[in-house]
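The following note sets out numbered remarks on the structure shown below. Each point is meant to be read with the coordinates at hand.

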Amino acid sequence: MASLSEMYDVGWEEMRDKLRKWREDNCRNSEQIVDVGEELISEHSSKLGDDIWIIYEQVMIAALDCSRDDLALTCLQELRKQFPDSHRVKRLTGMRLEALERYDDANKHYDAILQEDPTNTVGSPAWLAAPRKNVTCLCLSRFVGDQEAWHELSELYINEHDYGKAAFCLEELMMTNPHNHLYCEQYAEVKYTQGGMENLELARKYFAQALRLNNRNMRALFGLYMSASHIAASPKVSAKVKKDNIKYAAWAAAQINRAYKVSIEMSYLDSTFHCFYSFFFFIGY
Amino acid sequence: MHIQLTSQAYCKMLLHTAKYPHCAVNGLLVAEKTKEKKKDGHGGPVLCVDCVPLFHGTLALAPMLEVALTLIDSWCKENNYVIVGYYQANEQTQDSRPNQVAQKVAARISENFNEAVIVMVDSSRLTMSCFEPIVFIYDHVENKWKNREVTTDAFEDWNEAQTITSALLVGRSYENLIDFDNHLDDLRNDWTNPAINKSVLDLC
């Protein structure tokens, strides 16, 4: 079978750069990573220098996604040989056990790590009530790459409908990453989902904050429109609050309108987006 | 009520599932709006002609779901469709029963179409050859969601659905499948998936 480099006429440097770009953009296109990474590792490992270790990690995680345990194990073994005491590599071992659904082994593995280094204990009460085995495993991995672990944990809590704990995780993330518009926007979504006037107002504020950080975040724009509209439509708010929120909603609507117009012009799409204009009349005020 | 899936609907559901093997995915099922209302309520089967892929990853957040439901509802009205069901594929490690999210969305759909169904896709059985249907169909009976046995009757043409889905999976067409999340990332991404619809048509 022809190799990727033969089929697409790309050199190993391009493949290496592609993998780097996917790492930086946090892309989870696992099949492509496996295709490119596997070939890079088997044919060009000597040329990659120190990059090879991060590539092994990236390919290992992608291989688990694609149920390619053979490849995942190969990568893991290389990493273990090179970094025998690394916590980061131990976390990857745990991740592989979880992917193979060997949760008891994963738990034992994490317990062993904690025994070796008891300073890696987690103190926050949010962790104590972890609902599922793999959540427990995950929270123990906070000693490596905190950000990633907090974010994965927030997603697990969302899937368990535990919005309070999800909000807690996102608050941690926003504290350490105040310029990240995605965390603001996700926090706003969680608050909106929790419901109630106080949460809706918080949601609106954080959607607005996300927009200040990145004025092209469509989710934040839609979220601002939805939360402001719901507040304005509520019979419980004062006339002033109603008036203010109508203004916010109208502003958001205009921005969304403009964003669609621009994208239609750029791509010659047509009828799909006509449906959009009736969107603004669904909440009457 | 008897529901039938066309090749296009089944195919796009599976492409969505295949595109995000490590995530839960969900979407809506639509049928053409029929004018006649049979008095005894036992008309022909409701034909799901298409599906709209919605989200991948975290499915349990409200605001974008509300936006999607509203936009897609408008689109349906323009195209004489009605939303008749909801599909979901759980992460591979979870079971295939409708969870809270599925039930909530289905309840919302039932406000407009009182025999809404939930279709759960069993992602653990997803293969390139698609030799058997990997969906469970749930009807709302006596306030509970009950699993109905899925035979080839649940498809307008199972052989066609199987052939087309398999061909598109092998050809990795799922890389080009657009869901509502992709649309929110870049408005130019078209969640009606015209290119894939054309591929399906070409293979019919």
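1. In this predicted model, Arg172(B) and Asp35(A) are joined through their side chains by a salt bridge, with an N to O distance of 3.1 Å. Arg172(B) also forms a salt bridge with Glu31(A), where the closest N and O atoms are 3.4 Å apart. Because Arg172(B) sits in the loop between helix H4 (158-170) and H5 of chain B while Glu31(A) belongs to helix H3 of chain A, this pair joins two chains. Arg172(B) is partly exposed, at 27% relative accessibility, and Glu31(A) is likewise classed as partly exposed, with a relative accessible area of 28%.

2. Between chain A and chain B the count is four salt bridges, and 11 residue pairs are in polar contact across the interface, both residues being at pLDDT 80 or more. Six helices of chain A each supply at least two residues to the side that touches chain B: H3 (30-44), H10 (146-159), H12 (181-194), H14 (218-233), H15 (239-267) and H16 (274-277). The greatest contribution to that side comes from H14(A), with six residues. By class, the side of chain A facing chain B comprises 18 nonpolar, 13 polar and nine charged residues.

3. The extent of the interface may be stated as follows. Contact involves 40 residues of chain A and 34 residues of chain B. The buried area between the two chains is about 3200 Å², and carbon and sulfur atoms give 62% of that area.

4. With 14 residues, H12(A) reaches 20 Å from its first C-alpha to its last, close to the expected 20 Å. Of these 14 residues, 10 are buried, and the helix is thus mostly covered. The buried set includes charged side chains as well as others, among them Glu185(A), Glu189(A), Lys191(A), Tyr187(A) and Val190(A). Just after the helix, Gly195(A) adopts a positive phi of about 80°.

5. Which residues does Met197(A) contact, leaving aside neighbours within four places in sequence? They are Ile231(A), Ser234(A) and Val237(A). Met197(A) lies in helix H13 (residues 197-213) of chain A and is partly exposed, with a relative accessible area of 29%. Met197(A) and Tyr183(A) are separated by 14 residues in sequence and by 21 Å in space, C-alpha to C-alpha.

6. Arg20(A) and Asp17(A) are about one helical turn apart, because they are three residues apart in helix H2 (residues 12-24) of chain A. Asp17(A) is partly exposed at 34% relative accessible area, and Arg20(A) is partly exposed at 31%. Salt bridges with shared partners join Arg16(A), Asp17(A), Arg20(A) and Asp51(A) into one network. Over all chains, the count comes to 23 salt bridges.

7. Finally, His183(B) may be noted in chain B. This histidine lies in helix H5 (residues 180-185) and is buried, with a relative accessible area of 0%. The side chain of His183(B) reaches the backbone oxygen of Asn189(B) at 2.8 Å.

Key:
Residues are numbered from 1 along each chain as its sequence is written. Chains are lettered from A and ligands numbered from 1 in the order in which they are written. This is a predicted model: local features need pLDDT of at least 70, side-chain atom pairs count only at pLDDT 80 or more; totals for chains, interfaces and linings use all residues. Side-chain values use heavy atoms; hydrogens and water are left out. Contact means heavy atoms within 4.5 Å. Buried area is the accessible area (1.4 Å probe) that two parts lose on being put together, summed over both. A polar contact is a pair of N or O atoms within 3.5 Å; within protein, one must be able to donate a hydrogen and the other to accept it, and residues adjacent in sequence count only if both atoms are side-chain atoms. Helices (H or I, at least four residues) and strands (E, at least two) are DSSP runs, numbered from the N terminus. Buried means under 20% relative accessible area, exposed over 50%, partly exposed in between (1.4 Å probe, protein chains only). The expected span of a helix is 1.5 Å times one less than its number of residues.
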